[in-house]
Structures are given as C-alpha cells and as structure tokens.
Amino acid sequence: MKYIVTEPQLMLFLRRRFTPEDLSWIVNDVKHKIEEEGIMEEMAIYGTISQFIVERFPKLETHSDYKALEAALTAFIKLKLGLD
C-alpha cells in the first residue's frame with residue numbers, strides 16, 4: 001500500500017525530529033555518494049540514512065520507529081534531489 005503524503009506534511013514530520021543542518025547534511029552526503037563516488041542511488045540513500053539514524057537515535061524502541069524515520073528521510077531526499 002502506498003501512502004500519499006504532501007510535502008508540507010513531510011516537512012512538518014522532519015522538522016520536529018531533525019535540524020535543518022541535519023537534513024542538509026543528509027542530502028549533500030547522498031548527492032556526493034551518487035555523483036562523486038558513483039554509488040547507486042538506492043544504496044547511497046539507504047546507507048546514509050541507516051548510518052545517520054543509528055548514530056543519532058541509538059535507542060530507538062521499535063523497528064517501526066526506525067522504519068517511520070527511514071521512510072520520511074527517503075521521501076525527503078528523493079524530493080530534494082529529484083529522484084524517482
């Protein structure tokens with residue numbers, strides 16, 4: 001099942017959890033990995049997100065918490081980089 005989420009909804013969710021600097025770093029890191037290192041888009045996105053979430057939220061209580069953050073960040077990165 002695919003959810004339809006508007007950009008304002010996504011931004012509100014992310015702003016409550018991450019700083020603008022965090023979001024900028026994530027997007028720039030993924031862009032660098034794709035353009036400079038030649039890593040496939042999906043691998044660059046999920047690798048960066050996974051690393052960031054584990055470092056930033058080492059005590060996530062459930063797998064669904066992780067998946068919610070991952071889904072939102074993935075949508076944000078793809079939106080900002082014009083992917084998919």
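Predicted model: local features only at pLDDT ≥ 70, side-chain atom pairs only at ≥ 80, totals over all residues.
## How helices 2 and 4 meet, and what surrounds them

The axes of helix 2 and helix 4 come within 10 Å of each other and cross at roughly 65 degrees.

As for handedness, helix 2 goes past helix 4 in a right-handed crossing. On the helix 2 side, the contact is made by Leu 23, Ile 26, Val 27, Val 30 and Lys 31. Helix 4 answers with Leu 73, Phe 76, Ile 77, Lys 80 and Leu 81. Sorted by class, that contact comes to eight nonpolar residues, two charged ones and no polar ones.

Now for the core. The largest nonpolar core holds 20 residues. Leu 14, Phe 18, Leu 73, Phe 76 and Ile 77 have the most contacts inside it. Helix 4 gives the most, with six residues.

Setting aside neighbours within four places in sequence, Ile 77 is in contact with Ile 26, Val 27, Val 30, Ile 45 and Ile 49. Three of those names, Ile 26, Val 27 and Val 30, also turn up on the helix 2 side of the contact with helix 4.

Two other residues are worth a look, one in helix 2 and one in helix 3. Here is how their accessibility compares with the classes used:

| Residue | Relative accessible area | Class |
|---|---|---|
| Lys 33 | 15% | buried |
| Tyr 46 | 33% | partly exposed |

Lys 33 lies in helix 2 and counts as buried because its relative accessible area is 15%, with the cut-off for buried being under 20%. Not counting residues up to four places away in sequence, Lys 33 touches Gly 38, Ile 39, Ala 44, Gly 47, Thr 48 and Gln 51.

Tyr 46 sits in helix 3. At 33% relative accessible area, Tyr 46 is partly exposed. With residues up to four places away in sequence left out, Tyr 46 touches Glu 70 and Thr 74. Tyr 46 and Thr 74 are 28 residues apart in sequence, yet their C-alpha atoms are 7.6 Å apart in space.

Key. Residues numbered from 1 in each chain as written. Heavy atoms only, no water. Core = buried A, V, L, I, M, F, W, Y, C linked by side-chain atoms within 4.5 Å. Buried < 20%, exposed > 50% of the residue type's maximum accessible area, 1.4 Å probe, protein only. Helix = DSSP H or I, 4+ residues; strand = E, 2+ residues; numbered from the N terminus. Contact = heavy atoms within 4.5 Å. Axes fitted to C-alpha atoms, helices over the stretch in contact; angles between N-to-C directions. Left-handed = near helix turned anticlockwise from the far one by under 90°. Nonpolar A, V, L, I, M, F, W, Y, C, P; charged D, E, K, R; others polar.
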